[in-house]
Amino acid sequence: MATFRGEHQLIINSDQAMYASKKKGRNCHSYFDKKMFEETQYKCKLTSDLRQAVSKDQFTLHYQPIIDLKNKTITKAEALIRWNHPERGLVSPLEFIPLAEEAGIINGIGDWVFKSAIDHTAKIQERSEQNFQMTINTSPVQYTKNGMDVPSWFDYLSTRGLSGENIIVEITEGVLMEARESVVKRLFQLRDLKVGVAIDDFGTGYSSLSYLKKFDIDYLKIDQSFVKNLKLGSDDVVLIQAIIVMAHQLGIKVVAEGIETKAQMDILIANGCDYGQGYYFSKPLDGAKFLDFYESWDKGLLHT
Ligand code: C2E
Ligand code: MG
Ligand code: MG
């Protein structure tokens, strides 16, 4: 038995070294060393903690306003998950979402995100005269065969007095490129319920654009890497112009992510960008702070 365990561990360790080589671009070798061992242990522990995070109430959502750049109103916000780990403090979603996907627990987390975001949308909607839309990040795994249950999401919306028009789902380009039956089915179910669909991190993934029309996409979110170095006369301005013109020709609205300065906002406005999101307006805020921000903005106290 001891031998079996030893052999089993050896296989796991060499597997780990193989992944390290793949990450380095293949065609090379890697040794399983102490650092790799500690990384594996860390990932295992984090994954096991993650399995209990929903039931232990360790997740929370923060909300980042999305500004309509034409009339400077807030009509949307993005819900962003935070994991408050009892020992490690705040763990970034960039770190734990991939673990949750690998461990097969992202659907449960996705349902929690949806319900929590809807509960908060109902509170915002009470304070809003127009239709408020919450944008929710979704994982590609939620579009596979045993992924999200769209009808039950819709029932939940109804119990809060909301409709599909209060929701936008964000997906990455990769989801549409695969376009398996389960993906197509869910996207059309969402469409029938009038849920908006946005492509997140646009410009960083695949270059085929035919899917934009095929799936009747509503929004493109230009990745922050294009916005970061936006200066008059730079190549990024040309790219952004091209994306906005193409999107508008297809009837798609454009959201720019990661706006940190007035200069970036001005260039985006000059090029007809529809919506903006970023630290220049506000960092993601907890639920109560978001409501305060929303009300102050509505009264014109915070306009940039
Ligand atoms: P994302 O959806 O592209 O979200 C934008 C990220 O940029 C957020 O990071 C946000 O805090 C950050 N950000 C916003 N404005 C600025 C800015 O002006 N400058 C800079 N430097 N950053 C800005 P965050 O919250 O750490 O989320 C990281 C990623 O994790 C998200 O990227 C999304 O892909 C994923 N994620 C977050 N929440 C969820 C969730 O509920 N479900 C899933 N599946 N993924 C999520
Ligand atoms: Mg997003
Ligand atoms: Mg993004």
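Reader: Which residues touch the most other members in the largest nonpolar core?
Author: This is a predicted model, where local features need pLDDT of at least 70, side-chain atom pairs count only at pLDDT 80 or more, and totals for chains, interfaces and linings use all residues. Residues are numbered from 1 along each chain as its sequence is written, and side-chain values use heavy atoms, with hydrogens and water left out. The core has 78 residues, and Leu 50, Phe 59, Met 134, Tyr 143, Ile 199, Ile 217 and Leu 220 touch the most other members. A nonpolar core here is a set of buried Ala, Val, Leu, Ile, Met, Phe, Trp, Tyr and Cys residues joined through side-chain atoms within 4.5 Å; buried means under 20% relative accessible area with a 1.4 Å probe, protein chains only.

Reader: And which helix gives the most to this core?
Author: Helix H4, residues 106-126, with 9 residues. Helices are DSSP runs of H or I, at least four residues, and strands are E runs of at least two, numbered from the N terminus.

Reader: What does Ile 217 touch?
Author: Leaving out residues up to four places away in sequence, Ile 217 touches Leu 176, Arg 191, Val 197, Ile 199, Tyr 211, Leu 212 and Ile 252. Contact means heavy atoms within 4.5 Å.

Reader: Switching topic, how many helices and strands does the chain have?
Author: 12 helices and 10 strands.

Reader: How much of the chain counts as buried?
Author: 46% of the 304 residues.

Reader: And what does the C-alpha trace span along its principal axes?
Author: About 70 × 50 × 40 Å.

Technical notes: Chains are lettered from A and ligands numbered from 1 in the order in which they are written. Buried means under 20% relative accessible area, exposed over 50%, partly exposed in between (1.4 Å probe, protein chains only).
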